[in-house]
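User: I've got a model open and I'd like to learn how to read it. Can you walk me through it?

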Amino acid sequence: MASPSSEEIRTAPEEQEPQQNVLIVGAGPAGPATALRLAQAGIMVDIIETEQQLSEEPRAVTYYASALTALDKMGIIPDMKEAVFVSARFCFDSAGQDGDYT
Ligand SMILES: Cc1cc2nc3c(=O)[nH]c(=O)nc-3n(C[C@H](O)[C@H](O)[C@H](O)COP(=O)(O)OP(=O)(O)OC[C@H]3O[C@@H](n4cnc5c(N)ncnc54)[C@H](O)[C@@H]3O)c2cc1C
């Protein structure tokens, strides 16, 4: 029996195409963010997390430019603006009061 050509090896029959399921390990900020982008691209995603509950400790006092770019691509900036305190300056927020440290 003849060996398959390299072209035959590269081109799998349609019914043998691998499913594009991705397993993400960890539900910190990176895991769900990656899952959302993959889902938006039509890729099925499963996330596993070792902790029983997601952490509710604040870990995002500040969003840097690269994070904002990524969040913008996810399309969630409008929802975030409903929930966050926005300042153009470096400051600490205390009960809604803008305590500036400029
Ligand atoms: C107090 C604090 C304040 C911070 N403030 C800011 C800030 O203001 N701005 C900012 O940009 N960043 C901040 N950070 C950093 C930011 O929290 C981290 O960069 C971010 O959490 C990293 O996200 P991650 O998803 O890569 O990892 P992690 O948040 O560490 O999440 C990893 C997840 O994977 C799970 N996991 C690990 N191993 C396994 C396994 N084998 N199987 C299943 N699940 C597993 C863990 O339980 C965890 O839930 C802060 C961090 C801390 C601790």
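Analyst: Let's start with asparagine 21, which sits in strand 1. Helices (H or I, at least four residues) and strands (E, at least two) are DSSP runs, numbered from the N terminus. This is a predicted model: local features need pLDDT of at least 70, side-chain atom pairs count only at pLDDT 80 or more, and totals for chains, interfaces and linings use all residues. Residues are numbered from 1 along each chain as its sequence is written.

User: Is asparagine 21 buried or exposed, and why?

Analyst: The general idea is to count neighbours: a residue is buried if 20 or more other C-beta atoms lie within 10 Å of its own, exposed if 12 or fewer, and partly exposed in between, with C-beta atoms placed from the backbone. Asparagine 21 is exposed because it has 10 other C-beta atoms within 10 Å.

User: What is asparagine 21 in contact with, leaving aside its neighbours within four places in sequence?

Analyst: Contact means that two C-beta atoms, placed from the backbone, lie within 7 Å. On that basis, asparagine 21 is in contact with Met44 and Asp46.

User: In which sense do strand 1 and strand 2 pair?

Analyst: Two strands pair if DSSP finds at least two bridges between them. Here strand 1 (residues 21-25) and strand 2 pair in the parallel sense, over five bridges. Isoleucine 24 stands opposite isoleucine 47 in strand 2.

User: What do strand 1, helix 2 and strand 2 make?

Analyst: For handedness, point the strands away from you: a crossover is right-handed if the path from the first strand over the helix to the second runs clockwise. Strand 1, helix 2 (residues 30-40) and strand 2 make a right-handed β-α-β unit.

User: How many residues of strand 2 are buried?

Analyst: Zero of the five residues of strand 2 (residues 44-48) are buried, so strand 2 lies largely in the open. Across the protein chain, buried residues make up 0% of the 102 residues.

User: And helix 3, how many of its residues are buried?

Analyst: Helix 3 (residues 65-74) is hardly covered, with a buried count of zero among its 10 residues. Lysine 73 belongs to helix 3, and lysine 73 is partly exposed because 13 other C-beta atoms lie within 10 Å. Lysine 73 and arginine 37 are 36 residues apart in sequence but 8.2 Å apart in space, C-alpha to C-alpha. After helix 3 comes glycine 75, with a positive phi near 80°.
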